[in-house]
Amino acid sequence: MAAFSDVRTTEWPRFRFFFTLSAFLGAAQVIGIATSEALFLAEFGVAWLPHTFVAASIVTVAASWYYATVVGRARNDSLFEQMLLVSASLLLVAGVGVAAGIAMLPPVLVCLYWANYAIFLNHYWTFTGDYFDTLASKRLFPLFTVGASVGSIIGGAATALAGRFAPPVALLALWAASLLVAAFLLRHHRRNLRVWGPLDLAEADDTSVQGVRGAIRVVRDTPIGRRLALSASSMVLSLFVLQYLYSDIFAQTFEGSADLAVFFGLYLLATNLVEVGIELWLTPLLIRRFGVASTNLVHPVLTMLSFAALAVDYRVHTAILARSNRELIENSMAGPVRNLVYNALPAPVRGPTRAFLEGVVVYSGMAVAGLILLLLAGRLDPLWLCAAGGATALLYLGANMGVRRQYLRTLVGELREGRLDLESLSGELGRWELRQLADLWQTMLEARDDRAASFAPQLAPHLAIRGATSALRAGLDHHDPIVRRACVSALADVPNDANEDTLVLALDDEDARVRLAAVNGLATAQSRSRDAALLRRLEDPTPSVRAAAALRCGSDGRTTLTAMLADADPEVVCAALAELPSALIESALPLVRHDDPAIQAASLEATARVLDTVPFDSVQLAKLAGHADARVRLATTSALATRAEPEATAMLATLMEDVAREVRGAASERLAEIGEAGVAAAEPYLRSDVTRGIESAIRVLTLSHTREADERLEAELSYRVRQAWRALLSLHALPEGNLDLAGRFLRVAVADSLARDWGLAFYVLERTQDAAMMRSVEKALRFSTARSRGDALEVLSNLGDRETAHLLVLLAEPGSVEDKIGMLGGLAEAAGAEDVVELLRRSPNRWIRMSFELAEGPAGRRATLEDVMEKLLALKQVPLFAHFSLEQLEALARVTRERVQMPGDVIMREGDVGGDLFLVLSGLVHVYRGHGTPEALDLGTLGTGSYVGEMAIFDNKPRSATVIADRETRMLVLAGDRLKELVMQTPEISFQIFQVLTTRVRDIETRLEQAVRDS
């Protein structure tokens, strides 16, 4: 059961559901095939089997086409449930007909089985694909086939048991019951399915009409598509001829539907037990050994052998072997391998093409097989039918060999174009594929092809693992250093004398990165030539290469590193510190006080790496934690983590509020690693005034993975949702209209609090639930269709405790606050204006408190607050910053400067290049186009709250107008360079700016499109 270790902890609930669903569907299909075949062969023998093949294919293609027209109209889970219920109802009706002795029902049951098999199989994979991304699908989908096999084992046992003790009609009831249980499973897990997803704008619909049309184009226009179509059609021809032959043997051997049902049940029980072993061990082994494309040849070869065995010995034991190839090998090996072959197709068309080939092509081939058998079965004895079937199997083999060649060519093409990640095919490439890729590699090297560099880093490790080291050694003569470095790194992973000699030669490469890779590759080698070559690198002009060689050269190397530590060049010193051994740590300690921040940071990192506890006192560590350079603060997190005392842990917690994202992330990770003491130090920051500090504290709790932390996170979610509601109720109760500065700022502060608590609630959910799913929820709530928004609300209704979930959904639902107040319970008690003001006065939010301090605080404090509020409200008026939080606006205000312009002063002149934004705090300015010329145009005046020059922050284009002060004007000036520095420090600000700029571009595009339509 080691394969089940591939299931991630967060995936287990979803995995259990889809595994169980596949098991019930597998059980239903086994019961269905055993029942329908037993009834059919007992009543009709094989004489009517070709007719039934044709009829079943027509019914299946028609049903599949109808399915393609309805998929996408309802949620995939609802559609699945409806299909299961309809099929179960038809089976129960058929059971009544069988009991009444209606003669033509067995062929109808065969048709129903094949239609069910095709549609349910396609829809199961389409439906399951909605809930797992590509990487998860690759890990888990093989396990879902194991689930189907487990269900098939149970279905086989149930069929054998029921066939022995009950009439055939009971088998139909058992078949219907399996489908009903699957439908109940879907209904029972409906809420969970909404939580798990999907919340994209549209669910997967690979089998829709549009998908089928796209698949037809792929099959028609691409070489690999045509070969896959030939493979699918020849496969189905050979397998249905094979089915006709072994069915004939079974019909002659067993008497009555009961005996056939017992036999089929026992046979399917046994073969599905074997199938699990093949799925879990043999198929993966063959893929690892031979690769996907070569393993794809196994089934056609076995099909040819099946026909040969039947030709030699036309008896029941060869019929069992033939049927095992038809079903067991197809299900456990050929089918999964074909799905991996489809990975060579471009991702957007892969699903629809698979659905088209496995549906339309296969069942059309079934009809052709039926027509051929109608023409031949009565005229040829079984030996000649075996020969005809062998010919179709030979065609199947030839088609798969073509697929094998085209698979490689497609991979090569994708590699050359840089669109393929070989890691995504890890374990799917066998020796033949890699040998062909090695030959291609050699050809490109000989041709000095520049494209070799595009996939050398991916291909080289695979060639090294498979022993193609001669191709890698040839790459060391390539003119591109990327190719040479990839070859050196790959050869270093396969230690032997020949590769060591090659690495020694690479030490003299002209490119420093290649030399560094060679030095690192020789780390474990032991030889005189290696030692001599490394000693030469002690004089290497590149510091990183020199330091790496010195680490591996004993006393001579330590001498070199010591000299490097004393060098005047910071790059040399940092290179030495990056490789510093414990023996030289005393030389690194003084460098923590160096003037160069890069050296300080490198020294701190080296000290924390080498020593269990850094030997710095709290005063020195506090100074480093407050350093102006983020690199030093980042390295300080590693140093503080080595100190066990509470003071160091508390200092590390302060870095959770750092302006640099990487410093905050490192501090959170270190605190989580410390354990309970780290969590305790982080927890007070959940009530920080700084949002980034709260987020960091939440991150610490999620990284600690303890039950107590989970409970604290649930409490935090509840707190944030309730705070958001209090803010919304306050905003609803506060007066609007002509307000003084304190009143206007209070409304902005309350709205800011609402947005912050809503965002933090979702941040908790992203960290505790599936992050991608929660982002989809938030996106659906803002932009999606009514159906997707409804699904998103249902997801929210299942998160957190019941009351929190209720409040969260109520907050997110469309509708007025008045309509929702009645459903709030205790939260609505303080919804009146007077109560709201009193609650806000005690608010933990510093911006809200600031509004009351302006009216009630000391005179000196009021003047400062008035200035701050005025600046923040002015910045809030600029569309570019309208979506900024007050925290972000405060950071922005810090990089502004105030300026007073007298009447007649030119604030900016048309044609000048400038990068400043001007905001009018008080006064009046006049705007002119062509000022000072006869064609001067008065563009009007701008008063308090207006702004000019916002786009010049980014484009540095000449000014398009002249702005002159009309009277004494107080202005706020934001320099573009200072804003860019702020964005570098806090990148999240850039997303707010990009959102506004993107909206502007879209508005312009919409207006242009409208203008074109109007014209």
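A salt bridge is taken here as a side-chain nitrogen of Lys or Arg within 4 Å of a carboxyl oxygen of Asp or Glu. The structure is a predicted model, in which local features need pLDDT of at least 70 and side-chain atom pairs count only at pLDDT 80 or more, while totals for chains, interfaces and linings use all residues. Residues are numbered from 1 along each chain as its sequence is written, and side-chain values use heavy atoms, with hydrogens and water left out.

Under the salt-bridge criterion, the count comes to 32. One of these is formed by the side chains of Glu-37 and Arg-323, with an N to O distance of 2.9 Å. Glu-37 belongs to helix 1 and Arg-323 to helix 13 (residues 316–341), so the pair ties together parts that are 286 residues apart in sequence. Helices (H or I, at least four residues) and strands (E, at least two) are DSSP runs, numbered from the N terminus. Burial is assigned from relative accessible area, with under 20% termed buried, over 50% exposed and values in between partly exposed (1.4 Å probe, protein chains only). Glu-37 counts as buried because its relative accessibility is 8%, and Arg-323 is likewise buried, with a relative accessible area of 0%.

A further salt bridge joins the side chains of Glu-887 and Arg-756 at 3.7 Å, N to O. This pair links distant parts of the chain, with Glu-887 in helix 43 (residues 886–894) and Arg-756 in helix 35 (residues 741–768), 131 residues apart. Glu-887 has a relative accessibility of 16% and therefore counts as buried; Arg-756 is buried with a relative accessible area of 18%.

A local arrangement is provided by Asp-867 and Lys-871, whose side chains meet in a salt bridge of 3.7 Å, N to O. Both residues lie in helix 42 (residues 859–877), four residues apart, about one turn of the helix. An α-helix has 3.6 residues a turn, so residues three or four places apart point the same way. Asp-867 is partly exposed, at 29% relative accessibility, whereas Lys-871, at 17%, counts as buried. Elsewhere, salt bridges with shared partners connect Glu-683, Arg-687, Arg-712, Glu-716, Arg-720 and Asp-757 into one network.

Helix 1 (residues 12–44) contains 33 residues and spans 47 Å from its first C-alpha to its last, close to the expected 48 Å at 1.5 Å a residue; the expected span is 1.5 Å times one less than the number of residues. This helix is mostly covered, with 26 of its 33 residues buried. Gly-45 follows helix 1 and has a positive phi, near 65°.

Aromatic pairing was also examined. Rings of Phe, Tyr and Trp (its six-membered ring) pair if their centres lie within 6.5 Å, and planes under 30 degrees apart count as stacked, over 60 as edge-to-face and the rest as tilted. The count by this rule comes to 26 aromatic pairs. The rings of Phe-15 and Phe-19 have centres 5.5 Å apart and planes at 35°, so this pair is tilted. Both residues lie in helix 1, four residues apart, about one turn of the helix. Phe-15 is buried, with a relative accessible area of 2%, and Phe-19 counts as buried at 17% relative accessibility.

Phe-15 also forms a stacked aromatic pair with Phe-144, at 5.4 Å centre to centre and 25° between the planes. Since Phe-15 lies in helix 1 and Phe-144 in helix 5 (residues 134–165), the pair ties together parts that are 129 residues apart in sequence. Phe-144 is buried, with a relative accessible area of 1%. Ring pairs link these residues into a cluster whose members include Trp-12, Phe-17, Phe-18, Phe-80, Phe-120, Phe-127 and Tyr-131, along with Phe-15, Phe-19 and Phe-144.

Gly-923 is located in the loop between strand 3 (916–922) and strand 4 (925–929). The C-alpha atoms of Gly-923 and Arg-970 are separated by 6.3 Å, although the two residues are 47 residues apart along the chain. With neighbours within four places in sequence left aside, Gly-923 is in contact (heavy atoms within 4.5 Å) with Leu-942, Gly-943, Thr-944, Arg-967, Glu-968 and Thr-969.
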